Amino acid sequence: MKITPDECIACEACVPYCPVGAISMKDDIAVIDQDECVDCAVCLKSGSCPVDCIVFEPAPWPRSLRTVFSDPRTEHKATGIAGRGTEEMKTNDITGRFQRGWVGLGCEFGRPGIGTRFSDVDKVAQVLAKHGVAFESKNPVTALMEDVKTGKIREDVLGEKVLSAIIECLYPIEKFQEIITALKEVAKEVDTVFSVEVINRAEPDGSYPLRKLLDEMSMPYYINGKQCAGLGRPLADV
Amino acid sequence: MTHTLHRRGTAENLRGDYALIMLRAMGINDDDYLPKVKEFLRIALRHNPVNIGSEMKGCLYEFLPEEIIAGAKGDSHVVFDNSRALTGFLKEVKEADLGLSVVVSGIFESVDECLEQVGLKHHTGNFSLGIWGKTEKLPGDDILEVTTMCGHGLISTNLVKAVAKEIKTGTRTPEAAAKILAPNCTCGVFNPARAARLLAAMAAK
């Protein structure tokens, strides 16, 4: 995102819209810090500029990643869907992606409202790989890995900043404690925040074994969350 | 796309926050799915949603309902601010038997009650373990309760602070302030009714 300096009237209207605080006033014009800007286009789409001097020009690789990971109206070529992740548990009634006895884990970097460099995503992905998780093949972060066995993300994208990027993976419920412990350790080494989620298929009686495990581990979790209502057809036999 | 999962809040203020998504499973039931998504949105309009939206199109605070339905191109979203509306909506969606997946976000206990009332049972759960890492970079909980209602992170902390200041000075009502924030959340999962209450409380401090 850029602001045409000759046209800016210094009204400051665009400044508060930036989700990562990359717009500031310098010498009486609004400027966008190009290193911090994630190319989400919120400033442009807000219509806040009275003289239309905010412009977006598609960037070449690897900066082009900023837009696809930050603007939900763009589509990832790797997944064919808009946004940063996959269908994950939302279509589990149909795909059977998360079966009983397994846990889905998602780490959403940069969320909420901070943004992330891929170098931080890389640190955590490599730790998770060492613990044998299976990375979701349709996830756009997985598509950036040099090798899914190591979790190493390609070198040329590590410095790119995006609004958020999600690691999605799967592992047996028996490994839950081990993986959460490793995640807690590596969390101390990242320079951003990440929101952590876990997914579990309900038992026939409606209980969630993972919830029981979380309670036993005294692991805090939100009172609210997402549940698939089982209305999809054809139902997966899981 | 965990965009309705990590909504921050208290038991009290989350009681008025239910976000739903209808979506197809790629490669399985995505043939001719758009009429079903549009019907999902039409049903929602009969239950007074506080927001609706469709991926790649926009939300109720950018477009008229009929424009969103006509332009629906992908997964679609609906937000209610009370469990009664949610239950009525789920009943009609179940009867319509559209065959696409439906995900309900909200307080687990409340959502389960609504599902049970219409003869549904949760299939898979998604739990938030909160925010990890360098949490000292985060704004206060009062801001996060508003900004996390856009899971894609498109509503900025500074904009929330700016509109809260306008409420405090009496230049904007909480409802009008929420409508400034809402269009930035293009999927339509932002809850302006809850936001107005949260902003009013923030401005009163």
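H1(B) passes H3(B) in a right-handed crossing; a crossing counts as left-handed if the near helix is turned anticlockwise from the far one by less than a right angle, and right-handed if clockwise. Before going on, the conventions: this is a predicted model, in which local features need pLDDT of at least 70 and side-chain atom pairs count only at pLDDT 80 or more, while totals for chains, interfaces and linings use all residues. Residues are numbered from 1 along each chain as its sequence is written, and chains are lettered from A and ligands numbered from 1 in the order in which they are written.

Back to the helix pair. H1 of chain B covers residues 34-45 and H3 of chain B residues 83-96, and the two pack at an angle of about 145° with their axes 9 Å apart. Axes here are lines fitted to C-alpha atoms, for helices over the stretch in contact, and angles run from 0 to 180 degrees between N-to-C directions. Helices (H or I, at least four residues) and strands (E, at least two) are DSSP runs, numbered from the N terminus. H1(B) contributes B:Glu39, B:Phe40, B:Ile43 and B:Ala44, and H3(B) contributes B:Phe89, B:Glu92, B:Val93 and B:Ala96. Contact means that the C-beta atoms of two residues, placed from the backbone, lie within 7 Å. That set divides into six nonpolar, no polar and two charged residues. For the classes, Ala, Val, Leu, Ile, Met, Phe, Trp, Tyr, Cys and Pro are nonpolar, Asp, Glu, Lys and Arg are charged, and the others, Gly among them, are polar.

Next, the sheet. What is the strand order of the open sheet? Its eleven strands run E7(A)-E11(A)-E5(A)-E12(A)-E6(B)-E13(A)-E5(B)-E1(B)-E4(B)-E2(B)-E3(B), with antiparallel pairing. Strands pair if DSSP finds at least two bridges between them. The edges are E7 (134-135) of chain A and E3 (58-59) of chain B, each pairing on one side only.

A:Ala134 stands opposite A:Leu170, and A:Phe135 has A:Cys169 as its bridge partner. E11(A) also pairs with E5(A), antiparallel, over eight bridges, with A:Glu108 opposite A:Ile166. Further along, five bridges join E13(A) to E5(B), residues 101-107, again antiparallel; there A:Gly225 faces B:Gly106.

Now the chain contact. It takes 66 residues from chain A and 63 from chain B. On the chain A side, the elements giving two or more residues are helix H3 (92-95) and strands E5 (102-109), E12 (193-201) and E13 (224-228). E12(A) gives the most, nine residues. By class, that side has 32 nonpolar, 21 polar and 13 charged residues.

Last, the domains, whose bounds come from an automatic or database domain assignment. Chain A has domain 1 (1-57) and domain 2 (75-216), with their C-alpha centres 32 Å apart. Five residues of domain 1 of chain A are in contact with five of domain 2; the domain 1 side has four nonpolar, no polar and one charged.

Chain B has domain 1 (13-117) and domain 2 (135-204), with C-alpha centres 23 Å apart. Their contact takes 17 residues from domain 1 of chain B and 16 from domain 2 of chain B. E2 (51-54), E3 and E4 (76-80) of chain B each give two or more residues to the domain 1 side, and E2(B) gives the most, with three. The residues of that side divide into seven nonpolar, six polar and four charged.
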